[in-house]
Amino acid sequence: NHVSGCCTALRKSWLEIALPIPAEINAHDTWITTLADKINARNLYFQPLIYYRRHDRNASHSPTYNINPTSKNLNSIFTLNHKFKRTSAEKIQELDSEIQALKIYSERISVFKKTSTETSMILAAEKFIIENQDKIGWLATRKAILGATPVKRIKLAIKHYIKGSYRKSNGIFSAISDALTQ
């Protein structure tokens with residue numbers, strides 16, 4: 001879903017929504033394209049227009065190697081292992097960061113909604129704001145689960161898994177992780 005800044009063209013009117021880039025955002029190109037994705041304001045042009053190559057002196061710090069299927073599977077195992085080793089305090093901090101980012105996106109989309117004249121984008125903005133509020137509520141619930149005592153945490157995780165709430169996260173993996181976090 002990421003688009004490199006060197007491959008991005010945008011209208012001045014979009015800059016009025018996207019700028020200034022919040023201090024909490026690490027990558028300007030990700031901020032601009034994700035914001036556009038939220039309201040279906042991004043168009044893709046699939047014809048290659050640049051020769052893109054990676055080397056050790058690139059300004060961005062993406063990996064310079066290709067990931068084969070075996071290393072992808074190993075990476076998934078290591079990532080999953082890391083997720084289960086985090087403490088509840090670390091997870092709560094990550095959820096707080098995610099909530100903060102979602103609030104920043106909602107604020108900008110609200111500004112866009114007030115200034116836009118394109119009906120389809122206004123409807124997409126309204127849909128995003130509603131879905132975003134739901135996601136923020138779910139993340140707050142996960143924080144409450146992680147903040148509970150170990151026995152209560154297991155009960156709450158099971159309750160919300162059965163209710164289907166964990167579909168908003170990574171399903172059973174998030175439920176198990178929340179239940180078993182120390």
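Visitor: Where is Thr34 found?
Guide: Thr34 sits in helix α2. Helices (H or I, at least four residues) and strands (E, at least two) are DSSP runs, numbered from the N terminus. This is a predicted model: local features need pLDDT of at least 70, side-chain atom pairs count only at pLDDT 80 or more, and totals for chains, interfaces and linings use all residues. Residues are numbered from 1 along each chain as its sequence is written, and side-chain values use heavy atoms, with hydrogens and water left out.

Visitor: Why is Thr34 called buried?
Guide: Buried means under 20% relative accessible area, exposed over 50%, and partly exposed in between (1.4 Å probe, protein chains only). Thr34 has 17%, so it counts as buried.

Visitor: Which residues of α2 and α4 meet?
Guide: Contact means heavy atoms within 4.5 Å. From α2 come Thr30, Trp31, Thr34, Leu35 and Lys38; from α4 come Ile104, Tyr105, Arg108 and Ile109.

Visitor: What makes residues of this contact nonpolar, polar or charged?
Guide: Ala, Val, Leu, Ile, Met, Phe, Trp, Tyr, Cys and Pro count as nonpolar, Asp, Glu, Lys and Arg as charged, and the others, Gly among them, as polar. The contact of α2 with α4 therefore divides into 5 nonpolar, 2 polar and 2 charged residues.

Visitor: How far apart are the C-alpha atoms of Thr34 and Tyr105?
Guide: They are separated by 8.9 Å. Along the chain, Thr34 and Tyr105 are 71 residues apart.

Visitor: What describes the packing of two helices?
Guide: The angle between their axes and the distance between the axes. Axes are lines fitted to C-alpha atoms, for helices over the stretch in contact, and angles run from 0 to 180 degrees between N-to-C directions. Helix α2 (residues 28-38) packs on α4 at about 65°, with the axes 11 Å apart.

Visitor: How do you know that the span of α4 is close to the expected one?
Guide: The expected span is 1.5 Å times one less than the number of residues. Helix α4 (residues 88-115) has 28 residues, and 40 Å is expected. From first C-alpha to last, α4 reaches 41 Å.

Visitor: Which residues of α4 are buried?
Guide: Among them are Leu95, Ile99, Leu102 and Phe112. Ile104, Tyr105, Arg108 and Ile109 are on that list too.

Visitor: Is Asn40 buried or exposed?
Guide: Asn40 is exposed, because its relative accessible area is 62%. Asn40 is in the loop between α2 and α3 (69-85). Its phi is near 55°, a positive value in a residue other than glycine.

Visitor: Where is Ser165, and why is Ser165 called buried?
Guide: Ser165 is in the loop between α6 (150-163) and α7 (172-180). Its relative accessible area is 8%, so Ser165 is buried. Leaving aside neighbours within four places in sequence, Ser165 is in contact with Trp138 and His160.

Visitor: Which peptide bond is cis?
Guide: The bond from Leu19 to Pro20, with omega near -5°. Pro20 belongs to the loop between α1 (12-18) and α2.

Visitor: How many helices and strands are in the protein chain?
Guide: There are 7 helices and 0 strands. Of the 182 residues, 31% count as buried.
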